Amino acid sequence: MNPEIGHYALVLSLAVALLMTVIPFWGARTGDAALMKVGSTLALVLAGFTGLSFATLVVAYVQSDFSVLNVVENSHSAKPLLYRITGTWGNHEGSMLLWVLVLAIFAALVALFGANLPARLKANVLAVQGSVATAFLLFILFTSNPFARVIPPPAEGQDLNPILQDIGLAIHPPLLYLGYVGFSITFAFAVAALIEGRIDAAWARWVRPWALTAWAFLTLGIAMGSYWAYYELGWGGWWFWDPVENASLMPWFAGTALIHSAVVMEKRDALKVWTVLLAILAFSLSLLGTFLVRSGVLTSVHTFATDPSRGVFILAILVFFIGGSLTLYALRAPMLRQGGIFAPVSREGALVLNNLLLTAASAAVLVGTLYPLALEAYNGAKITVGPPYFNLTVGALMLPVAFAMPFGPLLAWKRGDLAGAAQRLMAAFGAAIVIAALAAYAQGGGPVLAPFGMGLAAFVVIGALAEVIERAGFGRVPRATAFARLRGLPRSVFGGALAHAGVGVCLFGIIAETSWNAERIAGVKVGGSFEVGGYELTLDRLEPRNGPNYRDLVGVFTVRRGGVDMGTIESAKRLFTARNMPTTESGIRTMWFSQLYVSLGDELPGGGVGVRAYWKPFVTLIWIGSVIMALGGALSLTDRRLRVGAPKPAKKPKAKADGASPVPAE
Amino acid sequence: MRAVLVYLLLAFALVTPAAAVQPDEVLPDAAQEARARELSKELRCMVCQNQSIDDSDAPLARDLRLLVRERIQDGDSDREVMDYLVARYGEFVLLRPTWHGANAILWLAPFAVLVAGGIGLFLAYRRRATPHGLRAATATEPLTPDEEARLRAALGDPAPSDSPADVTKV
């Protein structure tokens with residue numbers, strides 16, 4: 001396909017986005033139903049044009065069209081097909097195009113599935129979405145055109161950064177963008193509500209599915225990025241407090257707070273002003289993340305390209321949207337009517353505590369990321385804010401979150417009974433103590449962090465189940481009734497419990513890995529062996545292999561435990577010939593939830609090779625737990641009341657009839 | 001010189017009992033080596049992107065690791081090693097920011113957010129809880145048996161509910 005088609009489609013997208021900003025907004029102002037309706041059509045057209053533009057770029061990559069500068073800089077004809085496709089977004093221009101495509105898709109989804117939204121709200125939401133699209137399309141067209149040609153076209157491309165030539169690039173950025181950009185919808189809802197000056201529980205019911213969707217994708221995206229870094233970077237770390245990771249963690253914290261405060265707003269008509277602010281913050285932090293990554297203000301492994309003019313442009317976008325929305329918030333928020341009163345010890349109170357701690361954690365990450373920049377700008381001093389700072393501050397804030405998590409769902413709305421909740425958690429607490437004791441026994445002395453942390457993790461997991469058991473009434477009513485109630489419970493209850501259990505699972509993995517991991521760094525010759533974490537590894541052979549665009553030096557290790565042969569691990573050092581850049585292809589063997597991790601170093605003078613081997617107990621639980629969290633979010637999304645959408649007056653009696661079984665109301 | 005020795009050792013032993021980032025960097029004294037590892041995790045590889053010298057493959061990181069080990073072998077305390085590196089490379093080298101000066105802002109900011117949020121909530125709660133709002137809404141004394149019977153009669157529900165908790169939860 002002709003790259004000019006893609007370029008032209010992009011320009012048309014800009015025109016459509018501009019119309020989408022102006023027409024529905026004008027329609028909402030003047031109450032013109034026809035103009036408001038145009039918004040939906042334009043959203044679909046926008047998705048069509050950006051989709052066409054993106055597809056054109058993908059085709060240029062697949063066909064290795066080296067007349068396109070972007071393809072020359074980031075592709076190579078010998079690259080396997082998968083990486084030619086994923087390479088489309090493995091660079092600045094392409095990734096921004098993907099960003100806008102996701103934005104347009106979300107707008108189209110609102111147009112398609114928002115049939116039961118009030119026309120005015122829908123029009124304003126699409127207008128806000130259109131304005132964000134306009135800004136980013138301008139950015140792409142003026143500073144980052146992916147379709148720029150090069151004359152004469154070179155015979156061969158410069159290949160993609162080897163670290164990015166991995167299946168991870170196919171998964172991580174799209175998921176992350178679905179999360180990041182997904183929060184643009186909740187942002188648009190918040191701004192639309194502020195423009196109208198009215199907001200109610202139904203608003204929260206519309207916003208919650210979007211927030212949940214974005215949150216679930218962001219959770220998966222972060223988790224997949226973490227696993228990718230873990231196996232690709234070759235030194236066994238899974239979280240680096242890299243500025244770009246921080247950039248994704250900030251909206252995650254804000255988004256987590258948002259999905260919780262939206263519950264309060266939906267059920268109790270309270271915390272409105274705060275929920276709107278969170279919706280604005282979650283997307284603002286996404287934009288800030290985009291700015292930090294794309295401007296090159298912070299250097300990190302994720303920054304594909306650095307260019308000051310782009311930084312200034314994104315900064316302008318940032319100032320406009322964050323500043324604009326916060327100004328609107330300051331003007332309009334006092335007009336929003338406060339509802340639902342509650343006591344400090346109550347479900348609402350617990351969710352407020354959750355919001356407070358998550359917001360503080362978000363602030364810790366924000367301050368830690370930006371402080372070095374601010375200080376340097378202020379007095380020229382260069383300092384580093386590294387992992388010790390983040391572990392200490394975020395860790396300190398997350399401990400009470402984990403501890404309070406099982407209590408929250410057991411408290412009643414309005415006014416809860418803390419002692420009663422504690423009583424119902426006795427079983428979970430007992431189990432936690434047993435787990436902690438087992439951990440202490442297994443460890444045999446050493447830091448208290450491990451037994452304590454594992455006990456806490458067990459408390460979170462079992463406490464999450466306690467809510468479901470409690471609400472079904474096991475132990476209080478006949479078992480048959482309890483099972484009937486269990487079936488009648490809304491899916492969001494199961495979703496919430498599942499997500500909470502996922503947090504506990506993830507926490508368990510983090511604590512176990514950090515306290516019990518074993519590391520071995522050794523120089524090994526062929527035939528030699530070494531020991532790590534109770535496993536004996538023998539280097540059987542070192543053999544060179546050739547791939548399509550790289551050369552491997554593969555070390556084949558036999559694993560034995562207590563003399564029993566457990567198969568082999570292959571670990572490679574890979575050299576990409578086009579850029580002459582080496583990567584490590586670590587050999588990983590999963591045993592239950594634990595992993596044996598072998599990474600090959602340099603060949604040593606005098607024969608042999610440097611090897612780093614790690615025994616990482618329960619490490620996979622970190623990602624399994626994250627996936628469980630996202631699944632919990634997805635399960636919540638299938639809840640009946642979200643599927644049927646916001647309640648319409650006519651449907652209410654029917655809903656009551658359905659809920660006639662003796663299920664306690666939420 | 002020491003590197004040569006280590007290398008010679010390596011050449012004879014098939015496997016080195018090493019616990020350092022590169023097998024040839026290890027100190028013979030296990031306690032000193034452990035100290036060196038701990039210090040390395042707190043030091044930034046200045047040419048890298050956000051990595052500690054313990055994690056980095058960069059030549060500069062290796063130089064720093066060797067330097068740390070050299071100082072430790074010369075009898076420096078952990079503190080002296082860090083001070084030496086800060087004197088040479090500035091605070092940029094520290095992954096854990098110091099406490100003095102403006103850095104207190106950095107360390108206290110998250111907790112300031114927490115405290116400010118807590119105070120704000122408390123004030124908002126106080127304001128709303130006063131004259132009629134909350135007290136009226138939540139002052140639900142448990143019903144007397146007599147009241148409960150009347151309530152049931154009024155609701156037309158003769159059977160006692162299985163748990164009073166359900167009533168209050170609704």
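Reader: Which strand does β8 of chain A pair with, and in which sense?

Author: Strands pair if DSSP finds at least two bridges between them, and a strand is a DSSP run of E with at least two residues, numbered from the N terminus. Here, β8 (residues 594–603) of chain A pairs with β9 (residues 609–616) of chain A in the antiparallel sense, over seven bridges. Across that pairing, Val598(A) stands opposite Ala613(A) in β9(A).

Reader: Before we go on, what kind of model is this?

Author: This is a predicted model, in which local features need pLDDT of at least 70 and side-chain atom pairs count only at pLDDT 80 or more, while totals for chains, interfaces and linings use all residues. Residues are numbered from 1 along each chain as its sequence is written, and chains are lettered from A and ligands numbered from 1 in the order in which they are written.

Reader: Thanks! Which strands make up the open sheet that contains β8 and β9 of chain A?

Author: Four strands form that open sheet, in the order β1-β9-β8-β7 (chain A), with antiparallel pairing. At its edges are β1 (518–524) and β7 (587–591) of chain A, each pairing on one side only. From one strand to the next, the twist averages 15°; angles like this run from 0 to 180 degrees between N-to-C directions, with axes as lines fitted to C-alpha atoms.

Reader: What is the strand order in the open sheet of five strands?

Author: The order is β2-β3-β4-β5-β6 (chain A), and the pairing is antiparallel. Its edge strands are β2 (529–532) and β6 (581–585) of chain A, each with pairing on one side only. The twist in this sheet averages 30° from one strand to the next. Inside the sheet, ten bridges join β3 (residues 535–546) to the antiparallel β4 (residues 550–561) of chain A, and Arg541(A) stands opposite Val556(A) in β4(A).

Reader: Into which domains is chain A divided?

Author: Domain bounds come from an automatic or database domain assignment. Chain A has domain 1 (1–165), domain 2 (405–516 + 621–643 + 654–658) and domain 3 (518–616). The centres of domain 1 and domain 3 of chain A, taken over C-alpha atoms, are 42 Å apart. Eight residues of domain 1 are in contact with seven residues of domain 3 of chain A, where contact asks for C-beta atoms, placed from the backbone, within 7 Å.

Reader: How many residues are in the largest nonpolar core?

Author: A nonpolar core is a set of buried Ala, Val, Leu, Ile, Met, Phe, Trp, Tyr and Cys residues joined through C-beta atoms within 7 Å. The largest one has 201 residues, and among those touching the most other members are Leu46(A), Val100(A) and Phe136(A). Helix α8(A) gives the most to this core, with 18 residues. A second, separate core of 23 residues includes Leu537(A) and Tyr597(A).

Reader: What does Val100(A) contact beyond its neighbours within four places in sequence?

Author: Val100(A) is then in contact with Thr50(A), Ala133(A), Phe136(A), Leu137(A) and Ile140(A).

Methods. Buried ≥ 20, exposed ≤ 12 C-beta atoms within 10 Å, placed from the backbone. Contact = placed C-beta atoms within 7 Å.
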